[in-house]
Amino acid sequence: MPQKLPLVNLEKIANDIREDIIRMLVHAGSGHSAGPLGLADIFTALYFDVLRHDPKNPDWSERDILLLSNGHCVPVRYAAMAQAGYFDRKELLTLRQFGSRLQGHPERLRLPGLETTSGPLGCGLSQACGIALAQRMDSITHRWIYVVMGDGEINEGNIWEAAMLASKYHLNNVIGILDRNNIQIDGPTELVMPLEDLRAKWEAFGWHVLEVNGNDIEAVIDACAMARSIVEKPVMIIAHTIPGKGVDFMESDFHWHGMPPNPEQARKALHELRTLGGRIRGEHE
Amino acid sequence: MSNLHLADISGEPTREPIRKGFGRGLLAAGKLDINVVAACADLTDSTQMGLFRDNFPERFIEIGIAEQNLVTVGAGLAAAGKIPFVSSYAAFSPGRNWEQIRTTICLNDRHVKIIGSHAGLYTGKDGATHQMLEDIALMRVLPNMVVIVPGDSLEAEKATLAMAKDLRPNYMRLAREPTPVLTTAETPFEIGTAYVYEPGADVTIIATGTMTYHALRAAELLYKDGIEAEVVHVPTIKPLDSATILKSVRKTKCVVTVEEAQIIGGLGGAVAELLGENFPVPLKRIGMPDHFGESGDPDELLTHFGLDASHIRLAAHEVTAKK
């Protein structure tokens, strides 16, 4: 298992992941920008602190399970996996290319460490329930199943079917991380299909709900630790994030949901992120 | 031809619902392998999972009326090393949850065993909504999926045991009403194998599921007409036993397919694809002709929609005449 790193290193890693996301997307010429950038801090927290995993042995039987239910955000996972040492960062630029292990939406059979194939929304939480139920039958208690899902994604009925099941069977090993970035393809979530009162909905379904600033790495790590300590119920961490986080002209603009930057926009974005990277180092010196 | 140890159905055959065989097979598979688990969407006794639930309550999951969840929880169970059998009525699973099956089971390559009960016109009085006729086509088109349609309860029992050992995603179709038992405990079953139940040289009748019995009855009628029909029972629609089918058709040079499902994309579709590319001969597909069912007794419905032995006989005459 990788060593735990001090916060400044984590913030630097998150920034590197953001730069890699921009490079991957502009090179691919298609893909989703806002979600992956907004999730960079959460994936840094997961891969560099929260998860028990071994990048050199992705199928390690003792590992925690991380499911990415909203598969379109996979660039952030690829970038985090490369940073963590699952594969060489150079491979990131093969994203969405013919023959690449880095498919436009994640395919388990192509790249070790992905756990599931996803893209069509709403199927991650129920697969997590299946894994948790199997673990219970095998008397495995200290293995966590984290499910990252989008807020727009929970328009899907399958999510609420899974929410009921997890609650019925008290699947406390399931920890949901709901990326509350308030956008989906057609616009703001509250206009497309209102989700509020989001906290009350999950609580009504029998879940323990934590809310956290999803762009605060330390807060995400703490929330995950808190979630693991709650044994009565499954836990949903509502992680408030800024879509497009780190790139000023992308932040909170739903048009960037499913769009890559063009080369000029990418240059601007990378410049901003490099400046941000310098500031992170500066603040901690 | 090896001895298939078929039952004697010359008189009034023994009848048992095909789904009962699944229930016994699942219990037996559960006893053989601790990793066999089961989940159901509020139809546990109806789909015959009750035996398993009562014997292995800790290995049974009640999902409630949520078929999308049923198969995706199944994918999760398989991911964690279980051999999950997930059941509902075929109209709902795979009727409602096809995309979940496509993504989380087939593309994701998880060996979930999907059981669709109460399929076909044998669902009878429940009417068109519940008479699932499109399941074979829906499952057959999916890469990696194995499609099994047993011909009687004993074959369903053997198929269930075979599925528990198969590492691929599987779909098995079951019927509700009691239907004739054509086989015995000694009759062989292997996934992917078709069996010649009745040898003949003049016409090949390829049948699956409950319709194999009617094909055998049609063969008796045809014998009296002076036509020797070869009846090939196809319990695995995919992968299709091309060798057995082609061997028979090269001999008889004309074919009738018989199924209690839509002929578009079903067994008829599969056979037409195979023969069209390899050995084109006169072909007639018996099944549901792009139409929905309705309430009624199964025999009444089979006659109304042209699936009974007398219609199979007429089709055999038609293709034989075209040779």
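Of the 285 residues of chain A, 53% count as buried, a residue being buried if 20 or more other C-beta atoms, placed from the backbone, lie within 10 Å of its own, exposed if 12 or fewer do, and partly exposed in between. The model is predicted: local features need pLDDT of at least 70 and side-chain atom pairs count only at pLDDT 80 or more, whereas totals for chains, interfaces and linings use all residues. Residues are numbered from 1 along each chain as its sequence is written, with chains lettered from A and ligands numbered from 1 in the order in which they are written.

Chain A contains ten helices and seven strands; helices (H or I, at least four residues) and strands (E, at least two) are DSSP runs, numbered from the N terminus. The C-alpha trace of chain A spans about 50 × 45 × 45 Å along its principal axes. Of the contacts in chain A with a separation of 6 or more, 77% are between residues 24 or more positions apart, where two residues are in contact if their C-beta atoms, placed from the backbone, lie within 7 Å. Helix H3 (residues 40–50) of chain A is largely enclosed by the rest of the structure, because ten of its eleven residues are buried. Among them are Asp41(A), Phe43(A), Tyr47(A) and Val50(A).

Between the chains, 24 residues of chain A are in contact with 26 residues of chain B. On the chain A side, helix H5 (124–137) and helix H6 (157–168) are the elements that give two or more residues, and H5(A) supplies the largest share, ten residues. By class, this side has twelve nonpolar, nine polar and three charged residues; Ala, Val, Leu, Ile, Met, Phe, Trp, Tyr, Cys and Pro count as nonpolar, Asp, Glu, Lys and Arg as charged, and the others, Gly among them, as polar.

Chain B is assigned domain 1 (15–180) and domain 2 (195–322), with bounds from an automatic or database domain assignment. The centres of the two domains, taken over C-alpha atoms, are 25 Å apart. Contacts join 28 residues of domain 1 of chain B to 30 residues of domain 2 of chain B. The domain 1 side of this contact has 16 nonpolar, six polar and six charged residues.

The largest nonpolar core has 196 residues, and those with the most contacts inside it are Cys129(A), Ile145(A), Ile237(A) and Ile205(B). Such a core is a set of buried Ala, Val, Leu, Ile, Met, Phe, Trp, Tyr and Cys residues joined through C-beta atoms within 7 Å. Helix H1 (residues 7–28) of chain A gives the largest share of this core, nine residues.

Two peptide bonds in chain B are described here. The bond from Ser93(B) to Pro94(B) is cis, with omega near 20°, and Pro94(B) lies in the loop between strand S4 (83–89) and helix H4 (98–107) of chain B. Lys238(B) and Pro239(B) are also joined by a cis peptide bond, with omega about 0°.
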